[in-house]
Amino acid sequence: MNTTLKPIAVAIIAASLTAMGTHALAEPQERFIERKAEGWFFYNEELEKEPEEQPEPEPVKSPQNVTTTTPPPQSRSPAPAESAEPQPPAPLSAKWLRENMQKYMDAAFDNPTVENVQAFLYLQRYAMDQSSEFAQVAERARLGNPMLDETTRRPLATFASQDLDRQAGQARSEILASLAEKVGVFFFYESDCGLCRTMSPILAQLNRQFVTTPISMDGKDLPGDPFPNMRPDAGHAEQLGVQVLPAVYLASPEGAFVPVAQGAVSLTDLQERIVLGALQQGWISPDDFNRTRPITNADMSLAKSAPLSALEEMGITDETGFIPPEVLLQHMANAQRGMQQ
């Protein structure tokens, strides 16, 4: 078929189909048999078209970080108050020198120009002069104050200090003689211990005053048999915790033991340790112990008579706990008066 005839043929067929449809509607009394080509759809009703499903509209997405929950007014915390910036320390004050002296020294060390070195040396000179001023005022502050003047405890004069040493030594000898009547000494050693052999003459001198019991860890005496009354160890060393030889213990008839020394010590040191051990065990009083010390007024102690707990009721206002000098002086003066009563 010629391509030019195709549109005409299509138009003719469409017109024929339209005429056939019109004629069929005009003859409703046609028998079913004459309409067999329609098949079972003899009602000739138009099927209702199901409504097309309309796509549900997409929910409008709200931008993130936009929806926020506004807290109720009463739940909002107040904005923090702006804190004042800390003020720098006063120039050339003690705090200023502590914070900056090292910086000047570092600058002079890293870049030793004349200016940098002079700046550090000037600050060093200033600190030394200020320390000298402090020392002079400290001398005046101690003058006539027995609690601050250390000469009230230990005199600086040679004749006075020597006399004090003599009195303390005499008191120590008296107390040692009194202790010798109550307690004895255990001396632990080994036959091949060099320090034990060196210390044996000291124990021989102590034996003149105290009853000394030599205890050999290996059951043998030292060379020269200095301890004929030696006894072999029967478990006492382990029970007392002896770890270093020679070892010296005080022993009472009631079975109390006090460690005095583990290692070699001098006779004077050994005697002082015996007195201290007796104080610890309660065999002598604190007053008797103070008599053996080469100082005077040992009972004058601010640590015991000026408890810092009393300062809590004396107007401490600084958040750092700094006590105003006048308040501290009043507290110490009250404690000093209490010692004199």
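Helices (H or I, at least four residues) and strands (E, at least two) are DSSP runs numbered from the N terminus. Helix α4 comprises 23 residues, 158-180, and reaches 33 Å from its first C-alpha to its last, close to the 33 Å expected at 1.5 Å a residue, where the expected span is 1.5 Å times one less than the number of residues.

Residues are numbered from 1 along each chain as its sequence is written, and side-chain values use heavy atoms, with hydrogens and water left out. Because the model is predicted, local features need pLDDT of at least 70 and side-chain atom pairs count only at pLDDT 80 or more, whereas totals for chains, interfaces and linings use all residues.

Five strands form an open sheet with mixed pairing in the order β3-β2-β1-β4-β5, two strands being paired if DSSP finds at least two bridges between them. The edge strands, each pairing on one side only, are β3 (231-232) and β5 (257-262). Strands β1 and β2 pair in the parallel sense over five bridges, and F186 stands opposite T213 in β2. Helix α5 (residues 194-206) lies across β1, β2 and β4 and runs at about 165° to β1, whereas α7 packs on the sheet by touching β4 and β5, its direction making about 150° with that of β5; these angles, from 0 to 180 degrees, are taken between the N-to-C directions of axes fitted to C-alpha atoms, for helices over the stretch in contact.

Within strand β2 (residues 212-216), S216 counts as buried because its relative accessibility is 0%. The side chain of S216 reaches the backbone oxygen of K220 at 2.6 Å, and, leaving aside neighbours within four places in sequence, S216 is in contact with Y189, M230, R231, P232 and D233.

The structure holds seven aromatic pairs, for which ring centres of Phe, Tyr or Trp (its six-membered ring) lie within 6.5 Å, with planes under 30 degrees apart counted as stacked, over 60 as edge-to-face and the rest as tilted. F188 and Y249 form an edge-to-face pair, at 5.9 Å centre to centre and 85° between the planes. F188 lies in β1 (residues 184-189) and Y249 in β4 (residues 247-251), so the pair ties together parts that are 61 residues apart in sequence.

Notes: Buried < 20%, exposed > 50% of the residue type's maximum accessible area, 1.4 Å probe, protein only. Polar contact = N/O pair within 3.5 Å; in protein donor to acceptor, adjacent residues only side chain to side chain. Contact = heavy atoms within 4.5 Å.
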